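Work through the exercises below with the sequence and model open. Each task is followed by a stepwise solution.

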Amino acid sequence: MIGGICTLIALAAGAVLSGNEIFLFLATAFFMAALVSLFLLLIARKKISIQIEAPETAEKGAEIPIRICARGARFIGSLRANGRAANLLCGGEAPLKALSSRDGTIEFTLCSPVCGKIEIAIDSIEIRDCLNLFRKRIRVCESASVLVLPDTFEIAVELGETNTPDMDSSEYSPVRPGSDPSELFGVRDYREGDALKRIHWKLSEKYDRTVVREASLPVARSILLLLDNAPEGAIAPEKVSAAVEGLMSASESLAGQGISHEIGWLNHETEQLELRRISSLDDLFGEQGAILSSGQGFGSPMLQHENSVLSALLEADSDAFSRVFLFAAAQPRGMGAMDERVTLLLPEENPENAISCLREKLAYLMV
């Protein structure tokens with residue numbers, strides 16, 4: 001921009017001082033070209049839009065190709081984008097500054113050594129005219145995400161006697177419904193998506209509204225894999241990633257053997273547990289995005305409480321689960337009150353009073 005202005009001043013000064021018509025012609029032509037270039041830039045400013053293209057998933061340590069396309073950018077000289085890339089699971093944010101292009105398309109790569117949901121966000125763009133004389137900064141709000149998948153490993157699951165399927169079991173949760181149709185938990189109003197076979201026709205006629213049966217939850221066969229995503233302090237991303245990989249590996253092994261279970265983590269906004277029923281590998285793969293963006297909460301403005309995953313579990317009725325496996329990146333808060341009811345797994349080779357969830361150590365899981 002400074003160079004263009006200096007050129008215009010020099011041509012104007014030459015025309016005035018020398019009286020040469022050539023200088024005058026060049027100065028006039030340059031001035032008119034600058035006006036046209038500015039006019040085209042103002043048009044492009046109103047029409048330009050940004051689109052981020054990124055793959056849905058990627059492997060740890062692999063290069064992730066990112067493409068930023070500017071639509072309506074035919075009349076601009078160059079494009080610069082400013083934004084950031086953040087890991088919503090492990091934390092950490094890297095700026096994306098001064099990404100530039102002269103054809104309206106910016107291409108670059110990212111690489112994450114840990115798993116998690118990577119969010120790429122563009123906050124603003126800067127466009128320049130073809131003569132590089134003028135520039136306009138435009139605020140945008142475009143984002144895209146990539147799931148960097150965990151490295152899972154095979155775990156041999158051994159069923160304990162209390163978890164052998166027994167449809168005659170009389171141990172049912174008094175407060176939570178389940179999936180055992182042999183025992184009635186209660187009735188509730190019909191909701192969209194409920195199967196017609198669950199409708200209690202007699203009671204529906206009696207209450208003059210549609211109600212459905214709720215099955216009971218056999219406590220003796222209920223397994224919870226819990227992620228501690230509310231640590232007391234900052235945790236190394238590698239440890240967070242290892243804890244998630246242990247949980248995902250255990251869930252994958254259970255689902256692969258047809259063992260229904262639940263996975264859970266703390267929702268930092270509601271301060272309550274998020275619980276998901278996993279009955280198949282498709283269920284687990286469908287929840288990958290939620291798990292990989294569950295966050296750690298430490299240092300986040302959302303986490304303004306002293307609540308821990310274990311205290312949230314107590315509030316959510318921990319008696320509904322016969323076995324609870326807690327995958328944590330560090331010693332969790334409140335473990336002393338539940339050390340007999342919770343099996344702790346830490347991403348260390350020799351953790352005290354815990355099982356290592358490293359690939360080399362977690363060879364089998366007794367449930």
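**Exercise 1.** Which order do the strands of the three-strand open sheet have, and is the pairing parallel or antiparallel?

Solution. The model is predicted, so local features need pLDDT of at least 70 and side-chain atom pairs count only at pLDDT 80 or more, while totals for chains, interfaces and linings use all residues. Residues are numbered from 1 along each chain as its sequence is written, and side-chain values use heavy atoms, with hydrogens and water left out.

Step 1. The order is β1-β3-β6, with antiparallel pairing. Strands (E, at least two residues) and helices (H or I, at least four) are DSSP runs, numbered from the N terminus; two strands pair if DSSP finds at least two bridges between them.

Step 2. β1 (49-53) and β6 (105-111) are the edge strands, each pairing on one side only. From one strand to the next, the twist averages 20 degrees.

Step 3. β1 and β3 (residues 63-71) run antiparallel and are joined by five bridges. Opposite S49 stands R71 in β3.

**Exercise 2.** State the strand order of the six-strand open sheet, then follow the pairing through β15.

Solution. Step 1. The order is β14-β13-β12-β15-β16-β17, and the pairing is mixed. At the edges stand β14 (272-278) and β17 (355-356); each has a single partner strand, so one side of each lacks a neighbour in the sheet.

Step 1. Five bridges pair β12 with β15 in the parallel sense, and L226 has L326 in β15 as its bridge partner. β15 also runs parallel to β16, joined by four bridges; here L326 stands opposite L344 in β16.

Step 2. β16 (residues 342-346) pairs with β17 in the parallel sense over two bridges, where S356 in β17 is the bridge partner of L346.

Step 3. Helix α4 (residues 237-256) lies across β12 (223-227), β13 (261-267), β14 and β15 (323-327). α4 runs at about 160 degrees to β12; axes are lines fitted to C-alpha atoms, for helices over the stretch in contact (heavy atoms within 4.5 Å), and angles run from 0 to 180 degrees between N-to-C directions.

**Exercise 3.** Is L362 buried or exposed? Locate L362 and list its contacts.

Solution. Step 1. L362 is found in the loop between β17 and β18 (364-366).

Step 1. L362 is buried, its relative accessible area being 2%.

Step 2. Not counting residues up to four places away in sequence, L362 touches F153, E154, I155, L345, I355, S356 and C357.

Step 3. The C-alpha atoms of L362 and A156 are separated by 8.9 Å, although 206 residues apart along the chain.

Key
Buried means under 20% relative accessible area, exposed over 50%, partly exposed in between (1.4 Å probe, protein chains only).
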